[in-house]
Amino acid sequence: MQVFLYIRILIVPKNLSMLSLDAIIVLIVLVFILISFYKEWIGPAFTFLIGVVVLGISGILTPSEILSGFANDQVVVILMLLLIGDIIRDLGIVETLFDKVFQRAKGYRAFMARMMFLVGGFSAFLNNTPLVAVMMPYVHSWSKRNNISPSKLLIPLSYAAILGGCITLIGTSTNLIVNGMVKDQTIIPGLESLGMFSFAYVGVPMMFIGSAYLLFVSKRLLPDKEDILGDFSENTRKYIVEAHVKPNSDLIGKSIEEADLRNLKGLYLFQINRGGVRVAAVSHEFRLEEGDRLLFAGDTETIADLVLPNSGLTLPTVGMLTHKKHIEVVEIVISHNSTLISKTVKEANFRGQFDAAVIGIHRNGGRVSGKIGEVKLRAGDVLLLLGGDDFVERTHRIQDFYFISKVKEFRKQEAYKIGLLLGGTVLAVILSALNIVPLFMTLIVMIIVILGLKISNPKDIARMVDFNLALIISLSLAFGTAMIKSGLAEIIASLLISVFLPLGKVGVLFGIYLITSVLAAYITNKAAVAIVFPISLTMALNLHLSPEPFVLIVAFAAAANFMTPIGYQTNIMVYGPGGYSFKDFFKIGFPLTIIYMIFTVLILSYIYFY
């Protein structure tokens, strides 16, 4: 075997100099893809589309091979998992849990520990992008209350989602893409698909190791940037909103400081009315009583959150609207010829006319004071409305006001529907992990149940589907096929063997991880998988080694992407709000990448080589 390997190594230069025409074309397309991704010439989907079309015109790929990726069940599984994750987020289930977990967090490391393990645990089974989107307001709010820059927490939030996603097959789309390539590949016939917990041997210990690293070094290595989101909220429209302390509220008997009403993100408490008495300069020690009327100046998003039942406050103009299944918060502006001009909010009868309630008023150049219901409307007033089920239909072609934006949407569901959704998701994962029912079939049943119970409607589901992602994955599978057919994967694999084999089998895994990680950091993880997967599998075949570690090493290297903001979608999400630079990601992410690489290679080598 050793003689065979070294003979192959000696003839590699000849292979490189004697590339077939097909291999040369695929190599040119590969270079184009790499440069396009790095330079950001065009989007990922269009880049792959151009490359695959060129391969089709040149005859390297047949039409059926180009379209075969669209028939891969793993592509549909990815889309269905993303759908279910978005639906769970829209129901507010995750937000409710976060409220309970983080309200008692005291101190930077206590909050960090809760965040790392909660987000990491959820990310193992749900799409991590919406999780990070839900968690970002909590991070910002907590950091503001505790005088800690959000930049100390947002990168760890993204990294927690990445670490958790690497634990299971469904934790990240990268793992599912790799599994789809395993099913489609022809290099090693009969190669079994990856299981639900094939990643756990590396993913679970790395979740703990990565979290420990971040807990001890993040505060020192991360920058202390100004609050970008805070600066933004100061420049947004400010509304006057009136809220009452409702009966049995958790706020009754608490001081303003204990209730955290001085530190609400985007809200400023400027007055309290109690029994006809105004308290303009509200002290921190002022204790709340049932029925107190609190006047806030605030921005749209935060006022919308006051509608939620766990706020401890009620908006007097809203009434029974909050009990409806579907409500939305929208901004409107009163038109110059509106019949509502000079009427008070109460006289305008928004609830009777439009199935809506005024929850905030913004007036440029004039102070709005007193009860909201008694404010007389003027042309140009911007109102924040809470609209019910019939709001859209009743306001169709209305000339009294114009829509500016939809701020927030709330959908309420019966408890049994939420239980079925969560229980069904857990059951789907368990049945798939035990190889009783394929994940593809259980998720289809879940979508049917969601539609049948009207937890979501077909229009919303169609809008949630990420067709761009489906196109990227399907075309990347076709490109992988072209690399194998042209022999380019074989040639590159032989070259890599010649470079890394002197370091032994472990050295080969290190080499694959390094190349995949760099590609994923500076182009995208999906492109990195499409390029390296056929090469890695060919190396396993040529070295007569178990192919599974060569499959897993590509998945881990592509998914565990910490070095740059463009390497993973959650990194991009926190990049702007945290005020980060590329250097900030590299400073904390490069050591974590090295740690992840070392432990991944050692664990996989121990399991499969020794």
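Guide: Let's start with Phe-117, which sits in helix α7 (residues 108-123). Keep in mind that this is a predicted model.

Visitor: What makes Phe-117 partly exposed?

Guide: Its relative accessible area is 37%. Buried would need under 20% and exposed over 50%, so Phe-117 falls in between and counts as partly exposed.

Visitor: And what does Phe-117 touch, once its neighbours within four places in sequence are left aside?

Guide: Met-207, Phe-208 and Ser-211. Take Met-207: Phe-117 and Met-207 are 90 residues apart in sequence, while their C-alpha atoms are 8.3 Å apart in space.

Visitor: Which residues of α7 are buried?

Guide: Among them are Tyr-108, Phe-111, Met-112, Met-115, Met-116 and Leu-118. Val-119, Gly-120 and Ser-123 are on that list too.

Visitor: How do you know that the length of α7 agrees with what a helix should span?

Guide: Count 1.5 Å for one less than the number of residues. The 16 residues of α7 should then span 22 Å, and the end C-alpha atoms are 22 Å apart, so the two agree.

Visitor: Why is α23 called largely enclosed?

Guide: Because 17 of its 18 residues are buried, the rest of the structure largely encloses α23. After α23 comes His-544, with a positive phi near 55 degrees.

Visitor: Now Ser-474. Is Ser-474 buried or exposed, and how do you know?

Guide: Buried: its relative accessible area is 0%, and the cut-off is under 20%. Ser-474 is found in helix α20 (residues 467-486). Not counting residues up to four places away in sequence, Ser-474 touches Gly-69, Phe-70 and Val-75.

Visitor: What makes Lys-485 and Glu-65 a salt bridge?

Guide: A side-chain nitrogen of Lys or Arg has to be within 4 Å of a carboxyl oxygen of Asp or Glu. For Lys-485 and Glu-65 the N to O distance is 3.0 Å, so the pair qualifies. Lys-485 lies in helix α20 and Glu-65 in helix α4 (residues 63-67), so the pair ties together parts that are 420 residues apart in sequence. As for cover, Lys-485 is partly exposed, at 43% relative accessibility.

Visitor: How many salt bridges does the structure hold?

Guide: It holds 3. Arg-274 and Glu-289 make one of them, with their closest N and O atoms 3.4 Å apart. Arg-274 lies in strand β2 (residues 267-274) and Glu-289 in the loop between β3 (277-279) and β4 (293-298), so this pair ties together parts that are 15 residues apart in sequence.

Visitor: And what is the N to O distance for Asp-292 and Arg-274?

Guide: It's 2.7 Å, and their side chains meet in a salt bridge. Asp-292 lies in the loop between β3 and β4 and Arg-274 in strand β2, so here the parts tied together are 18 residues apart in sequence.

Visitor: Which residues are linked in a network of salt bridges?

Guide: Arg-274, Glu-289 and Asp-292. Arg-274 is partly exposed at 25%, and so is Glu-289 at 39%. Asp-292, at 1% relative accessibility, counts as buried.

Visitor: Which residues make the nonpolar surface patch?

Guide: Leu-27, Val-31, Ile-35 and Trp-41 make it, and the patch is about 350 Å². Leu-27 is in helix α2 (residues 21-39). To join a patch, a residue needs over 30% relative accessible area. Leu-27 has 31%, so it clears that cut-off.

Visitor: Last one: how much of the whole chain counts as buried?

Guide: Of its 610 residues, 54% count as buried. The chain exposes about 26,600 Å², with carbon and sulfur atoms supplying 63% of that. Its secondary structure comes to 26 helices and 9 strands.

Technical notes: Residues numbered from 1 in each chain as written. Predicted model: local features only at pLDDT ≥ 70, side-chain atom pairs only at ≥ 80, totals over all residues. Heavy atoms only, no water. Helix = DSSP H or I, 4+ residues; strand = E, 2+ residues; numbered from the N terminus. Buried < 20%, exposed > 50% of the residue type's maximum accessible area, 1.4 Å probe, protein only. Areas by Shrake-Rupley, 256 points an atom, 1.4 Å probe, with all protein chains shown as cover. Contact = heavy atoms within 4.5 Å. Patch = residues over 30% accessible without salt bridge, like charges linked within 9 Å, V, L, I, M, F, W, Y side chains within 5 Å.
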